[in-house]
Amino acid sequence: AKRPRQEKVKEKAPPRRRPLMAMPVDDVYLTWLYKRPSYELEQAVGMLKRFQELDFTHPKQFVYINVFLDMALQKKKKVDPFSSSVTLPHRFTDEVNKVLVFTENQQEAEIAREHGAAIVGGLELIKWILEDEIQADFYVAVPAIIPKLIPLRNKLKRKYPSSRRNSLGSDIPKMLQFFRECHEYTVEDEDIIKTRIARLDMPAEHIIANLKTVIHDICTFKPSNFDPIVRRLVIRSSTSEGLLLNLDGILPQVETVEEKEEENAVDEDEQKPANQESVST
Amino acid sequence: MLAPGAAGRALRRVLGLSRGLLSPGAPGMAAGRALGLSRGLLSPGAPGMAAGRALGLSRGLLSPGAPGMAAGRALSLSPGLGSVVVERVWPVPLARLGAAPRLHPRRHRVFRLLRDGKHLPRSRMELLLTRSVQGVGRRGAVVSVGQRLGRNRLLPQGLAVYPTPENLRIFQDQDKLAQEGKLEELQTPSGQKTLEFLRRCRLQVGMKNNVSWELSPDIVARHFLKNLGVFVPPHALRLPPEPIRRWGHFWCDVTVNGLDTVRVPMDVVQFLRPKTKRFWHWREQQRQQLERSREQLL
């Protein structure tokens, strides 16, 4: 063959007389010879539902997403693997998270128990947690008790109450409600987030809304002047294969840039008639 | 046309080496070429050259268009597959008008190789197809094919001709017809590959035992994609006329591009979650252990 070796590696399909394009030409084709297809969000959700019908699988299965992240900042710096909780607009599970409230005040303890805290207590809980007798999904504390909770720092690590994660504050009912219904995700392998976001029998708009909430929350972890943090997005149900998604309508960054451009355009338009008026007068 | 004056400095011989070429040319050339690499040979072809030894071609010109040389090779622009072009190292002094140049027996037999056709890359030839050929092109198309294909298959079998102006004129009208849609549909190369793969493959469809199901084209298409990695739209599938509701061996017909159909054997088996090879190996071992213990007991 007269074609040089390098072209073979660069092309997505093996070199032939007429090089294969990313889109197949025939109606029946071998999928491994073409680029992996990416779908629009609504189309992908529709496909997952159809797969469930065709495969006779459980209708109430969960929908998962795999998000591949681009953690690089400028000059060899990287975003640290983070974990965060987000309230999904449409609940898909009836499980409630176990929340543990640290407070010395009796009234606050009463309020906490009313609003559904699993465990409420003061300093005696510290010993039990250190000995692993008690475990909870989330830990909430009031500012007054923080100096006494320092020994738990190493034990709780990420779950340690802090104002950045909204787990430190005086408004116990609000914090409790947030943490009982929130959905938590972490970054695994420094790059990937794998989470459940919805059930397959929910309407498509609910699934899409949940997905967008999660993605918007992920995008807050990297400053917007760099490349978008989400590199690839794959959606799947618990029994089907993964579908690659188009990132166009999902990332929040594009909207803010467009808004800024629109604002600038609007400002210029406003200034121009003002200038014309001043010149004429 | 052959300038005798140039014989002094740039004298060259074109010696043709025949390799069994069927170049449609003057028979005299074929005879001359068949005699191999003997340098005393006259280059056949041009009438003027039969008498003398002076080939007055200027040095830089390998004019293939010169009718003298290329009379047999018609429109091929290459100087001939096996041509060896040599040049005398020592110039031959000019002779009297009308007389042949006097060659020194040793000095004028020293040659320098200029070009050896057998070491050059094989160039391609342009041909005009008279019939649609798989892997080459449609009828009426001027394609560039390798010389081997053109001379051994297309030209002898009449599948193509040389693209002379007369031939092109004949096929011009055909071109217009083809564009209007009277094309003979050819299978695409990717379609060919798909067909070859489908002829070798076997589809396994896993269906559950706790639901009552009936196989439909959508389900079979989904299994084609999942198990074999072949995308088949449901309209290109044809299933057996009786509805399939139980496990067993069946078939399905896949039509590629609406042209060719392949019958793919289909086994409908019980659905199993995908298991690793390790698991199957362990299962096999368990089964063998059971056999052995059974033999011991009996």
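Because the model is predicted, local features need pLDDT of at least 70 and side-chain atom pairs count only at pLDDT 80 or more, while totals for chains, interfaces and linings use all residues. Residues are numbered from 1 along each chain as its sequence is written, chains are lettered from A and ligands numbered from 1 in the order in which they are written, and side-chain values use heavy atoms, with hydrogens and water left out.

Strands (E, at least two residues) and helices (H or I, at least four residues) are DSSP runs, numbered from the N terminus, and two strands pair if DSSP finds at least two bridges between them. Strand 5 (residues 99-102) of chain A joins strand 7 of chain A in the parallel sense over four bridges, and Val101(A) stands opposite Val140(A) in strand 7 of chain A.

Lys75(A) sits in the loop between strand 3 (62-69) and strand 4 (83-86) of chain A, and its phi is near 55°, a positive value in a residue other than glycine. With 76% relative accessibility, Lys75(A) counts as exposed (exposed means over 50% relative accessible area, buried under 20% and partly exposed in between, using a 1.4 Å probe and protein chains only). Asp132(A), in the loop between helix 4 (124-130) and strand 7 of chain A, has a positive phi of about 65° although it is not a glycine; at 45% relative accessible area, Asp132(A) is partly exposed.

Turning to chain B, there are seven helices and 11 strands, and buried residues make up 35% of its 298 residues. In strand 2 (residues 84-88) of chain B, five of the five residues are buried, so this strand is largely enclosed by the rest of the structure. Val84(B), Val86(B) and Arg88(B) lie on one side, with Val85(B) and Glu87(B) on the other. Strand 2 of chain B pairs with strand 3 (residues 111-116) of chain B in the antiparallel sense over five bridges.

Finally, the two chains meet: the contact (heavy atoms within 4.5 Å) takes 34 residues from chain B and 22 residues from chain A. Between them the chains bury about 2300 Å², 54% of it on carbon and sulfur atoms; buried area is the accessible area (1.4 Å probe) that two parts lose on being put together, summed over both. Here, the axes of helix 2 (residues 41-55) of chain A and helix 6 (residues 217-228) of chain B come within 10 Å and cross at roughly 105°. These two helices are therefore roughly perpendicular to each other (65 to 115 degrees; under 35 counts as roughly parallel, over 145 as roughly antiparallel and the rest as oblique).

How values were computed. Axes are lines fitted to C-alpha atoms, for helices over the stretch in contact, and angles run from 0 to 180 degrees between N-to-C directions.
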